[in-house]
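Okay, everyone, thanks for coming. Let me put the structure up, and then I'll talk you through a few side chains.

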Amino acid sequence: MVKITHPFVKKSVFLGVLDRNLKKLESRLGVTLSMRGECLYVDGEPDKVERARTYFEKIRELEEQGNDLKEDDFHIVLDLFEENRPKPLESYFPSEPLTLSRKSVTPKSLNQRDYIQAIRDYDLVFGIGPAGTGKTYLAMAMALSYYQNKQVGRIILTRPAVEAGERLGFLPGDMLQKVNPYLRPLYDALFDLIQYEQATRLIEKNVIEIAPLAYMRGRTLNGAFIIMDEAQNTTREQMKMLLTRTGFDSKVVITADVTQIDLPQPSKSGVIHAVKVLSAVKEIGFCTFTDKDVVRHPLVQKIIKAYQKAESRPQE
């Protein structure tokens, strides 16, 4: 057993509710952890204890540099530690939260942190990964932050109107009412991040435009933050059309889950084709999420893993 004297700046954050975070770190490090006063005790196999001791030294260094670590940051540091990235740990911290009218948003995984940084660094970013990894939500938070800081003048939110495996039949109402069900997830993210009245006012002023992908044809979008959600359901022609709409002083974020393609011919997905065609373009950011990045109910992560395992087996 090794004793580590570490006066954590926020011991309650390190431990988590009902020691939840302590237990998660135990599982990931493969050791037994216990707090007694200001001392942390690490017990287990010698090599794992030494690895844990080195990890907590990194945590101490980051806190002594003034970084206000949240519960998720302990796991981001562990991800960095395990991947042995060439850049020093402190270069990933601090990450200023995106402070919006309803809440502050911070990345909850290393890939989410990279995604936010990529949006800052590149004018075009692809975020590819399974459901629940924060692709759309973080893109929305960044769009609102850019508008709030007057870095863009408007926000364009779009997605293809493709039925998810079932036939919906005739929908009543005008064109906007017909496509509204397809755009609902974008509204949900928007209303979760800022006050309903503020969001409604911005939509009425056309500062925030939520429209089906077909409405983008023929436009040039300057000074805008454009998010195309569910891009796995675009055709190649639709994807090219959207990407060539980009104007000056604009940001474009493309989000997609290539495991849930609802096109008649999934291999013809515009996002799969675009990633292949554009992979060599250095001015474009590509971010890939995994089941480790899922921030919904813990069961979602297990469901995704189960499906990935099943789909990797030969078809019966």
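This is a predicted model: local features need pLDDT of at least 70, side-chain atom pairs count only at pLDDT 80 or more; totals for chains, interfaces and linings use all residues.

Let's begin with Asp79 and Arg28, whose side chains meet in a salt bridge at 2.6 Å, N to O. Asp79 sits in helix H4, residues 71–83, while Arg28 belongs to helix H2, residues 20–29, so this pair ties together parts that are 51 residues apart in sequence. Buried or exposed, what about Asp79? It's buried, because its relative accessible area is 9%, and the cut-off is under 20%. Arg28, on the other hand, is partly exposed at 27%.

Now have a look at helix H3, residues 46–64, which holds both Glu50 and Arg53, three residues apart, or about one turn of the helix. Their side chains form a salt bridge at 2.5 Å, N to O. Glu50 is partly exposed with 38% relative accessible area, and Arg53 is partly exposed too, at 30%.

Helix H3 also contains Glu57 and Arg60, again three residues apart, about one turn. That salt bridge comes in at 3.3 Å, N to O, and Glu57 is partly exposed at 26%.

Last stop, the surface. Leu299, Ile303 and Tyr307 make up a nonpolar patch there, with about 320 Å² of accessible area together. Ile303 is in helix H11, residues 298–312, and it's partly exposed at 41%.

How values were computed. Residues are numbered from 1 along each chain as its sequence is written. Side-chain values use heavy atoms; hydrogens and water are left out. Patches are made of residues with over 30% relative accessible area and no salt bridge: like charges are joined within 9 Å, nonpolar side chains (Val, Leu, Ile, Met, Phe, Trp, Tyr) within 5 Å. Accessible areas come from the Shrake-Rupley method with a 1.4 Å probe; for residues, only the protein chains shown count as cover. A salt bridge is a side-chain nitrogen of Lys or Arg within 4 Å of a carboxyl oxygen of Asp or Glu. Helices (H or I, at least four residues) and strands (E, at least two) are DSSP runs, numbered from the N terminus. Buried means under 20% relative accessible area, exposed over 50%, partly exposed in between (1.4 Å probe, protein chains only).
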